[in-house]
Amino acid sequence: MQILEKTRDEIETRASKMSDFLRMEYLESCLKRFTEIEIQRYCYQELSRLYEKNFMYPDAIKYISKFQEVCISKREKIQAFLKEIELTIKGGFYDRIDFAYRKINEIATTEEIYEARKKMVDLLMSEAQKFEKSSKYSYAARAYERLSHLVTDNERLEVKKHLVTIYKKLGKVRESIELERELARSGVKV
């Protein structure tokens with residue numbers, strides 16, 4: 001694709017007139033051609049947003065990670081890390097959540113870390129509930145299993161109750177019986 005534009009504004013103007021997939025190709029071409037930070041920041045952020053919009057989460061994560069490398073302020077970097085966590089959860093890559101969360105721990109204050117953890121728990125909970133409502137029980141089980149390691153004791157009991165019913169629906173008898181016994185020892189009725 002031929003690129004005649006020289007500034008970020010010109011690139012934004014031309015990109016706004018394109019369809020999503022053509023815009024993705026154009027912005028990727030711009031990244032190869034330009035080394036200016038402002039242009040790269042715009043392209044990475046826009047590519048991440050476009051890939052997310054089209055449910056292409058691995059590519060969205062790739063570009064938000066590259067955007068993190070060119071972030072200027074600490075606040076912007078934390079926002080990018082939170083976006084990476086959100087994309088990781090939406091993409092179902094629950095094993096990568098800790099990696100993104102550790103990045104926030106390195107640069108954030110205690111309050112920001114707490115907010116990030118709360119957002120991560122809320123996103124996982126909504127994702128798990130969405131899967132449960134749409135009868136995608138194996139996905140819901142994965143989300144609840146991951147969530148059970150992140151929540152407080154009271155919330156963990158609620159998550160385990162959900163897991164018991166999901167395990168029964170999936171035919172995982174042994175797991176459901178173990179969880180029921182564990183909940184009974186805690187004094188919770190299923």
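Some ground rules come before the tour. Because the model is predicted, local features need pLDDT of at least 70 and side-chain atom pairs count only at pLDDT 80 or more, while totals for chains, interfaces and linings use all residues. Residues are numbered from 1 along each chain as its sequence is written, and side-chain values use heavy atoms, with hydrogens and water left out. The helices here are DSSP runs (H or I, at least four residues; strands are E, at least two), numbered from the N terminus.

Let's begin with helix α1 (residues 8-16) and helix α2 (residues 20-33). Their axes come within 10 Å and cross at roughly 160 degrees. An axis is a line fitted to C-alpha atoms, for helices over the stretch in contact, and the angle runs from 0 to 180 degrees between N-to-C directions. That angle makes α1 roughly antiparallel to α2. The cut-offs go like this: under 35 degrees counts as roughly parallel, over 145 as roughly antiparallel, 65 to 115 as roughly perpendicular, and the rest as oblique. As for handedness, α1 passes α2 in a right-handed crossing. A crossing is right-handed if the near helix is turned clockwise from the far one by less than a right angle, and left-handed if anticlockwise. Ile 11, Arg 14, Ala 15 and Ser 16 of α1 make the contact with Arg 23, Tyr 26, Leu 27 and Cys 30 of α2, where contact means heavy atoms within 4.5 Å. Sorted by class, that contact has 5 nonpolar, 1 polar and 2 charged residues. Nonpolar here covers Ala, Val, Leu, Ile, Met, Phe, Trp, Tyr, Cys and Pro; charged covers Asp, Glu, Lys and Arg; the others, Gly among them, are polar.

Now look at where α2 ends. Arg 33 sits in helix α2, and Arg 33 is partly exposed at 46% relative accessibility. The scale calls a residue buried under 20% relative accessible area, exposed over 50%, and partly exposed in between (1.4 Å probe, protein chains only). Arg 33 lies 30 residues from Ile 3 in sequence, but their C-alpha atoms are 8.3 Å apart in space. Leaving out residues up to four places away in sequence, Arg 33 touches Ile 3 and Glu 5. Move on to Phe 34, in the loop between α2 and α3. Phe 34 counts as buried, because its relative accessibility is 7%. Lys 6 is 28 residues away along the chain, with 8.6 Å between the two C-alpha atoms.

Next up is the pair of helix α3 (residues 37-53) and α4, whose axes come within 8 Å and cross at roughly 160 degrees. So α3 is roughly antiparallel to α4, and α3 passes α4 in a left-handed crossing. On the α3 side, the residues that meet α4 are Arg 41, Tyr 44, Gln 45, Leu 47, Ser 48, Tyr 51 and Glu 52. By class, the contact of these two helices has 8 nonpolar, 2 polar and 4 charged residues. Is Glu 52 buried or exposed? Glu 52 is buried, with a relative accessible area of 12%. Beyond its neighbours up to four places away in sequence, Glu 52 touches Tyr 57, Ala 60, Lys 83, Glu 86, Leu 87 and Lys 90.

Then come helix α5 (residues 74-90) and helix α6 (residues 97-107), with axes that come within 9 Å and cross at roughly 165 degrees. These two are therefore roughly antiparallel to each other, and α5 passes α6 in a left-handed crossing. Among the residues making the contact are Phe 81 and Leu 82 of α5 and Tyr 101 and Ile 104 of α6. The contact has 10 nonpolar, 1 polar and 4 charged residues.

Which residues of α6 are buried? They are Ile 97, Ala 100, Tyr 101, Lys 103 and Ile 104. They cover an arc of only 150 degrees around the axis, which puts them on the same side of α6; the arc is that of the directions from the helix axis to the C-beta atoms. The face turned away from that buried side carries the exposed residues Phe 99 and Glu 106. What covers the buried residues includes α4 (57-69), α5, α7 (110-133) and α8 (137-148).
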